[in-house]
Amino acid sequence: MKPFRKHVAIAIDGGGIRGIVVTRALALLEDHLQKSSHEIFRLAAGTSTGSIVSAGIAAGLSGSGMHRLYRELGEHVFQKSWRTSLWPLSKYRYPLDPLESALRRYIGDITMGSFWSAKPQTDVVITTFDLVTNHTCFVKPWKEEYATWPVVQAVLASSSVPTYFPVVNGRYVDGGVGSYSNPCYLAAFEASVCLGWDPKETTLISLGTGQTPHTLKPDDAARFWTWEWINPILGAFLQSADDQQVHLVKTFFTDLDFRRFQVDLRENIEMDDVGRMSRLTVYGEELGQKILHDDMEDAIDLKVAMELRPLTTAE
């Protein structure tokens, strides 16, 4: 693994219980560097489950500690009940209370602003989508409007996947509802523009939570009924948005030491599939080894795929 530069940031994708993959990988990185994630990263950006891990890093939790947290709480957070049995007749499948209780126990009642006033300072970017204003919010410790937000509230807002969890405060849902399930571009922008870090002195680690395998065969889509289009369309949107964020970082932050790591899942593991936690830990080992060996993801070259070209002055 190439040494990190002077400034080090991390961006973590969404994925529900698949956060186990990232936490196990972080534990391996910590063992390798003999440092905690809090000591390694001065900027953490996350969406949904990525916001949980990012807040944990800023609060001083270790990768191994967060991995245990996921393993211990997975079945409580995604506990089957009459809501899951009757869904979609119920408004959502899981209450937020178990997750909120766990977050308060491990993170406490600290506010976002406390990350910025701490020594050393840690910047955190948590995404959530505001249904009232119809835009993505970037919750940060140094922004006046978010400094007083409890960290738990910000994380719950970012993690409330529609249909899985209830809306937070009547308006906030999962940050991945926008284009930021992969927040790597947000982290690059935050580091370079907001914090003023020189890209030549900055390393950005971007971690995925596992890429779902492609199962469609030629002509399968031609036989789809109306309701069968939902998953392919959502999958196409999420994958396209993910590739776009990676492409934006590589296009506009060429001097940045950008490292994107992802694992390919050999089976489809849903965000609430707590029966696969041991399997996800194995994928976490794989992701950790990729980080330690700089085995980066080969992202789609969207500049070619989308036939983009630079705009002329006239245009």
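1. A nonpolar core here is a set of buried Ala, Val, Leu, Ile, Met, Phe, Trp, Tyr and Cys residues joined through side-chain atoms within 4.5 Å, and buried means under 20% relative accessible area with a 1.4 Å probe, protein chains only.

2. A word on the model: it is predicted, with local features needing pLDDT of at least 70 and side-chain atom pairs pLDDT 80 or more, while totals for chains, interfaces and linings use all residues. Residues are numbered from 1 along each chain as its sequence is written, and side-chain values use heavy atoms, leaving out hydrogens and water.

3. Now for strand E7, residues 257-261 (strands are DSSP runs of at least two residues, numbered from the N terminus). Five of its five residues are buried: Asp257, Arg259 and Phe261 on one side, Phe258 and Arg260 on the other. Strand E6 (residues 202-207) pairs with E7 in the parallel sense over five bridges, pairing requiring at least two DSSP bridges. Within this pair, threonine 203 has aspartate 257 as its bridge partner.

4. Do have a look at threonine 127 in strand E3, residues 123-130. Threonine 127 counts as buried because its relative accessibility is 1%.

Notes. Helix = DSSP H or I, 4+ residues; strand = E, 2+ residues; numbered from the N terminus. Buried < 20%, exposed > 50% of the residue type's maximum accessible area, 1.4 Å probe, protein only.
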